[in-house]
Amino acid sequence: MPELPDVEIFRRYLNATALHQEIETVRVHHDRVLKGVSKATLQRRLKGQELDQTSRHGKHLFAALSKKGWLMLHFGMTGFLRYFQVEDKKPGHVRMELLFTNGYRLAYDCQRMLGQVSLVKDPYTFAEKEKLGPDALEGLDFDTFRTAVSGRRGSIKSTLMNQEVVAGIGNIYSDEILFQARLHPAILANTLKDKDFENLYQCMDRVWKESIDAGADPEAMPDDFLLPHRSEEESCPRCRGPVKKIKISGRSGYYCPRCQKKDRGQRTDDSKKQS
DNA sequence: AGTACCACCTGACGGC
DNA sequence: TGCCGTCAGGTGGTAC
């Protein structure tokens with residue numbers, strides 16, 4: 001689940017629940033989710049501190065510690081946050097939890113443990129170190145986007161999903177953005193024209209706005225979104241034709257072959273030149 | 001600079 | 001019922 005819109009919702013959730021409260025205890029139930037920090041260090045560094053503010057870069061969530069440094073959370077494929085008080089509200093795969101002095105807890109649940117919890121200097125330094133591209137939502141202007149994507153030799157889908165190109169787009173939302181832009185996922189990034197980029201950029205912008213407004217819940221998304229119909233049993237929300245599955249760089253993508261043509265009038269352009 | 005394949009984990013699902 | 005292969009929205013490493 002956790003791509004940019006999901007992580008943005010987690011960030012707002014954390015803001016609305018766990019900010020400005022003293023951390024009394026840190027429980028680590030599974031060391032595997034810790035990256036570059038030991039259980040003891042994490043506990044020592046967080047104890048007595050508060051989470052002051054949050055930040056997000058791509059799929060990474062950061063919470064500033066009142067004293068120094070930031071807590072970094074990455075959610076892998078199955079991670080999420082839950083703020084609760086009573087034990088029976090506790091989700092099933094809590095790997096780490098912060099216990100606050102007010103009796104509430106913030107749990108990091110990650111069933112498959114493909115996510116990461118870490119302590120970092122600050123979000124900017126982390127993004128530099130990890131070679132993350134610009135965040136796909138915040139402060140990504142059109143020229144930066146076009147420069148980052150154009151010239152890449154892979155498919156547009158795998159290029160959008162490359163976190164070094166642009167940070168935050170995963171398998172699901174790359175499908176959605178390409179569906180909205182009516183671009184076939186296998187089109188090569190370096191064959192896109194300026195107007196394709198403008199279209200792609202605007203569609204991405206709309207996908208972020210709508211999906212975040214929907215709380216990243218597929219059920220609450222606009223009727224013309226592909227996201228709730230990612231299955232070959234489903235039909236295209238636009239033309240009602242069959243949805244098709246395709247493997248690209250090892251990932252399963254879904255698209256509408258009628259709305260997203262691979263061959264997009266190259267010949268039309270040529271014939272214009274000739275005539 | 002790409003892709004293919006494996007690995008890390010758990011769990012759901014379909015076929016037998 | 002149980003076993004097995006496959007698949008799942010994350011990333012990282014290696015080989016080509």
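This report walks through the overall layout, the nonpolar cores and the DNA contacts of a predicted model.

## Ground rules

Because the model is predicted, local features need pLDDT of at least 70 and side-chain atom pairs count only at pLDDT 80 or more, while totals for chains, interfaces and linings use all residues. Residues are numbered from 1 along each chain as its sequence is written, chains are lettered from A and ligands numbered from 1 in the order in which they are written, and side-chain values use heavy atoms, with hydrogens and water left out.

## Overall layout

Chain A has 8 helices and 10 strands; these are DSSP runs, with helices being H or I of at least four residues and strands E of at least two, numbered from the N terminus. Its C-alpha trace spans about 75 × 40 × 30 Å along the principal axes. Of its 275 residues, 49% count as buried, which means under 20% relative accessible area with a 1.4 Å probe, protein chains only.

## Two nonpolar cores

A nonpolar core here is a set of buried Ala, Val, Leu, Ile, Met, Phe, Trp, Tyr and Cys residues joined through side-chain atoms within 4.5 Å. The largest one has 31 residues, and Phe145 is among those that touch the most other members, along with Val149, Ile156, Ile169, Leu200, Met204 and Trp208. Helices H4 (142–149), H5 (156–161), H6 (171–180) and H7 (194–213) each give two or more residues, with H7 supplying the largest share, 7 residues.

Leaving aside neighbours within four places in sequence, Phe145 contacts Leu140, Leu160, Val166, Phe197, Leu200, Tyr201 and Met204. There is also a second, separate core of 30 residues, including Met96, Leu98, Leu106 and Val117.

## Around DNA strand B

The residues near DNA strand B (a heavy atom within 4 Å of it) include Arg32, His93, Gln111, Arg112 and Ser158. By type, the residues of this surface come to 2 nonpolar, 6 polar and 4 charged, with Asp, Glu, Lys and Arg counted as charged, Ala, Val, Leu, Ile, Met, Phe, Trp, Tyr, Cys and Pro as nonpolar, and the others, Gly among them, as polar.

A phosphate oxygen is 2.9 Å from a side-chain N or O atom of Arg152; for a polar backbone atom of Arg153 the distance is 2.6 Å, and for a side-chain N or O atom of Ser249 it is 3.4 Å.

Terms used:
Buried < 20%, exposed > 50% of the residue type's maximum accessible area, 1.4 Å probe, protein only. Contact = heavy atoms within 4.5 Å. Polar contact = N/O pair within 3.5 Å; in protein donor to acceptor, adjacent residues only side chain to side chain.
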